[in-house]
Amino acid sequence: MVHFATAAPAMRYLAPAALLADGWHDEVVLEIDAGGIICGIVEQDAGALPVTRLAGPVVAGVPNLHSHAFQRAMAGLTETAGPRADSFWSWRELMYRFLADLSPEDCEAIAAQLYMEMLERGYTAVAEFHYLHHQASGQHYASRAQMGLHLCAAAQASGIRMTLLPTFYAHANFGGVAPLEQQRRFINDVDGFARIVDELAVHLRALPLQKLGVAAHSLRAVTPSELDAVVSIANAHGPDTPIHIHIAEQIKEVEDCRAWCGTTPVRWLLDHAALSARWCVVHATHMYAAETVALAESGAIVGLCPTTEGDLGDGFFNGVEFLGAGGGFGIGGDSHAEVDPFVELRLFEYTQRLRHQRRNLLASEPG
């Protein structure tokens, strides 16, 4: 087994079993440097430092690849029946009202608390999909990146690794429909958005546990030319800069997309964007069979958020078909109705059982 040798070990722990990249290994020694980072993994205990034996098996920490941190503070507020049918769209109205008066300091406090919860429950990294940019009036702060800088401070205080994804949001629906008044805190033009990204990029260079990505909120919220601009902004910060986007979360979204361009959101994205492993498409709940296979073959990662998708009544992802076609996925907390990677993974498996009326659909064969 390869020794990382990134720093001199300060502590050593012996795990009776550890799940590594190539499978399970017995009697694995984890070497930890003075900063608490794993600097070596070895199977032969030949070190000079004493070793502390752990009580059980060890698995890697889980990345939370889709987070809207501020929504953690509204968890539960929508769990009441109203005079009209509850849906994602009625949930969104409450979200707009909730965020109207949130300050940067409020968002930092919420995020810091959330990130500590993540660390306690097994997440070790987070991709923060950050679209709450401006003051309640819609005017930008003196520092256009102020909201993002407070999220950086929250991540730094908690110690979690973070990919910050400043998110471009410009429209209320497909075809460049003017944004709603309630969306004023999200809205940027391309130049203003580029300034936010550039400012955050400079700040993040000094933070070794944080990195930069870029997101387009959704095909509802960006025009084709604006999506191209977002990709160009990402490319300006490196060819491997991550790009994230919400896609096909709700049936209404699919119907609205068809009315706009004659096809579905996933099909449009496959036809117009050079999808690859740097892309994370979030939700992708509503897809036809051919889209499912094509998305898997593109190399893009799907970001699944089972507790949020269940909470909002989104529907079932084509998990069995997507993984069968070689697709890759990760999980995210999204609105953080729950903060537990194991709940997310269990619910993903259970939704597939409900859909196919069979068991153990996502488990690999032992061997």
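Colleague: Leaving aside its neighbours within four places in sequence, which residues is arginine 220 in contact with?

Modeller: Good place to start, and please keep in mind that this is a predicted model. Arginine 220 touches Trp89, Arg92, His171, Ala172, Asn173, Phe174 and Glu253, once its neighbours within four places in sequence are set aside. The residue itself sits in the loop between strand E9 (214-216) and helix H5 (224-236).

Colleague: Is that arginine buried or exposed?

Modeller: For this we look at relative accessible area, where buried means under 20%. Arginine 220 has a value of 7%, so it is buried.

Colleague: How far is arginine 220 from glutamate 253, in sequence and in space?

Modeller: The two residues are 33 residues apart in sequence, and their C-alpha atoms are 7.7 Å apart. Their side chains also make a polar contact, at 3.4 Å.

Colleague: Where is glutamate 253 placed, and what else does its side chain reach?

Modeller: Glutamate 253 belongs to helix H6 (residues 251-261). Its relative accessibility is 2%, so glutamate 253 counts as buried too. The side chain of glutamate 253 comes to 3.1 Å from the backbone nitrogen of glutamate 249. Beyond four places in sequence, the contacts of glutamate 253 include Trp89, Phe174 and Arg220. Trp89 and Phe174 are also among the contacts of arginine 220.

Colleague: Glutamate 249 has come up now. Which histidine side chain does the side chain of glutamate 249 join in a polar contact?

Modeller: That is histidine 283, with a distance of 3.5 Å between the two side chains. Histidine 283 is found in strand E11 (residues 279-283). With a relative accessible area of 1%, histidine 283 is buried.

Colleague: What should I look for in the backbone at histidine 283?

Modeller: Look at phi. Most residues other than glycine have a negative phi. Histidine 283 is not a glycine, yet its phi is positive, at about 85°.

Colleague: Which other histidine has a positive phi, of about 65°?

Modeller: Histidine 336, which is likewise not a glycine. Histidine 336 lies in the loop between strand E13 (328-331) and helix H11 (341-356). Its relative accessible area is 0%, so histidine 336 is buried.

Colleague: Now to helix packing. At what angle do H7 and H8 pack, and how far apart are their axes?

Modeller: Helix H7 (residues 265-272) packs against helix H8 (residues 289-298) at about 40°, and the axes are 10 Å apart. Because of that angle, H7 is oblique to H8. As for handedness, the crossing of H7 past H8 is left-handed.

Colleague: Which residues meet there?

Modeller: H7 brings Val266, Arg267 and Leu270, while H8 brings Glu291, Ala294, Leu295 and Ser298. Sorted by class, this contact has 4 nonpolar, 1 polar and 2 charged residues.

Colleague: Could you recap the polar contacts for me?

Modeller: Gladly. Arginine 220 pairs with glutamate 253 through their side chains, the side chain of glutamate 253 reaches the backbone nitrogen of glutamate 249, and the side chain of glutamate 249 is joined to that of histidine 283.

Key
Residues numbered from 1 in each chain as written. Predicted model: local features only at pLDDT ≥ 70, side-chain atom pairs only at ≥ 80, totals over all residues. Heavy atoms only, no water. Axes fitted to C-alpha atoms, helices over the stretch in contact; angles between N-to-C directions. Helix = DSSP H or I, 4+ residues; strand = E, 2+ residues; numbered from the N terminus. Parallel < 35°, antiparallel > 145°, perpendicular 65-115°, else oblique. Left-handed = near helix turned anticlockwise from the far one by under 90°. Contact = heavy atoms within 4.5 Å. Nonpolar A, V, L, I, M, F, W, Y, C, P; charged D, E, K, R; others polar. Buried < 20%, exposed > 50% of the residue type's maximum accessible area, 1.4 Å probe, protein only. Polar contact = N/O pair within 3.5 Å; in protein donor to acceptor, adjacent residues only side chain to side chain.
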